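Here is a protein to look at together. Have the sequence and the 3D view open, and we'll go from the whole thing down to single residues.

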Amino acid sequence: MSLDHRPLLFAAEEAEFTFPSRGSRLHAELILDARAELGEGPRWHASERRLYWVDIARKELHRFDPETGADQRRTFDQPVGCFAFRRSGLLLAMKDGFATLDGWDAEPEPFGEQVLAGKEDYRFNDGRTDPWGRFWAGSVDTTKQTGEAALYRLDPDGRVTWIEGEMLTCNGAAFTADGGRFAHANTPSHALRIYDVIDRKLVNRRTFHQWPIGEGRPDGGSFDMEGHYWSALYDGGRIARLSPAGEVVGEVALPVSRPTMIVFGGDDRRTAFVTSARKEGEPQSGGIFSFRVDVPGVPEWPFAH
């Protein structure tokens, strides 16, 4: 494990887009020149007023202060695919399974069955806590060959339940503000799925939106308080906002081709933060971008352990 701090660098160039449904102009600005190999999983910690995020490829967890530009870093023995806040500390979804982290300087402690242990080509990838304090996390087949990636649910008592499989990259997990709908993607399929949540179970799966091949793949995403889903389109260079019916109602262009995840934060949850992956020839790639929106995002629920 190692700890580090990195400075904030601001970019001169911005990307902008006129949002068709509201007519407001959105500006995507580079706020941290992180140069991450695979920046992912941003989450806004409201009480700390910090943006937590990971660089999966470098096995790093970061904590970024947008006000001062300070970006703290921790390195682990396993990659952290995603995480959730707890009332004290964090829940980490790592290579083999879940772990609790009682404080920034603490060591991770395995929690629940390590369901991916021994599966060399698999790791946890993306996840979200539901309103009842359960954590839903998807795995990834890093070889993109066997198609055994799956969606799992971790309960507060440590029980891990397999929910759905036959995927390559389980991504984009998010719940609506009332917990009544859940969305996620099997990224290589270019399709975003949506479910109804009834009696705290996922039912009625259907395709929410299908993107054409070659126009970007749905990576990480988040709902806003109006029930619109925002999706980072990897290799698509933009963020798409989808209506509750699954129609694209707006897009925000970025100066990099590989955005990986969007989340909302700030005191009013109207500041969008976007992580990205590094790509040769794109100097700002691997950075974190930000822009303001009209509708607040859904807050992050803590894992109930």
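This is a predicted model: local features need pLDDT of at least 70, side-chain atom pairs count only at pLDDT 80 or more; totals for chains, interfaces and linings use all residues.

Residues are numbered from 1 along each chain as its sequence is written, and side-chain values use heavy atoms, with hydrogens and water left out.

**The overall build**

- You'll find 26 strands and zero helices in the protein (these are DSSP runs numbered from the N terminus: helices are H or I with at least four residues, strands are E with at least two).
- For 305 residues, a compact globule would have a radius of gyration near 19 Å, and the protein's 18 Å agrees with that (the radius is taken over C-alpha atoms, and the globule rule is 2.2 Å times the number of residues to the power 0.38).
- Along the principal axes, the C-alpha atoms fill a box of roughly 45 × 45 × 35 Å.
- Of the 305 residues, 58% are buried (buried means under 20% relative accessible area, exposed over 50%, and partly exposed in between, using a 1.4 Å probe and protein chains only).
- Take the contacts with a separation of 6 or more: 46% of them come from residues 24 or more positions apart (contact means heavy atoms within 4.5 Å).
- The protein carries 37 positive and 47 negative charges, and their mean positions are 2 Å apart. Lys and Arg count as positive and Asp and Glu as negative, while His and the chain ends are not counted; each charge is placed at NZ of Lys, CZ of Arg, CG of Asp or CD of Glu.

**The nonpolar cores**

- The largest nonpolar core has 28 residues, and Leu91, Phe98, Phe124, Phe135, Leu154 and Phe182 touch the most other members (such a core is a set of buried Ala, Val, Leu, Ile, Met, Phe, Trp, Tyr and Cys residues joined through side-chain atoms within 4.5 Å).
- Several strands supply at least two residues each to this core, including E8 (80–85), E9 (90–94), E12 (122–129) and E14 (149–154).
- Strand E14 gives the most to this core, with five residues.
- Another core, of 16 residues, lies apart from it, and Leu254, Ile262, Val274 and Phe289 are among its members.

- Asp224 sits in the loop between strand E20 (217–223) and strand E21 (229–234), and it is buried because its relative accessible area is 0%.
- Neighbours within four places aside, Asp224 is in contact with Trp230, Arg241, Val295, Pro296, Gly297 and Val298.
- Ser257 is in the loop between strand E23 (248–253) and strand E24 (259–265), and its 14% relative accessibility is why it counts as buried.
- Beyond neighbours within four places in sequence, Ser257 contacts residues including Leu233, Tyr234, Lys279 and Glu282.
- Phe64 lies in strand E6 (residues 60–64) and is buried, with a relative accessible area of 1%.

**Partly exposed spots**

- Where is Arg269 found? Look in the loop between E24 and strand E25 (271–276).
- Arg269 has a phi near 55 degrees, a positive value in a residue other than glycine, and at 26% relative accessibility it counts as partly exposed.
- Leaving out neighbours within four places, Arg269 is in contact with Met225, Phe264, Val295, Pro296, Gly297, Val298 and Pro299.
- Asn204 lies in strand E19 (residues 201–210), and its phi is near 60 degrees, a positive value in a residue other than glycine.
- Asn204 counts as partly exposed because its relative accessibility is 48%.
- Ser189 is in the loop between strand E17 (181–186) and E18, and it counts as partly exposed at 31% relative accessibility.
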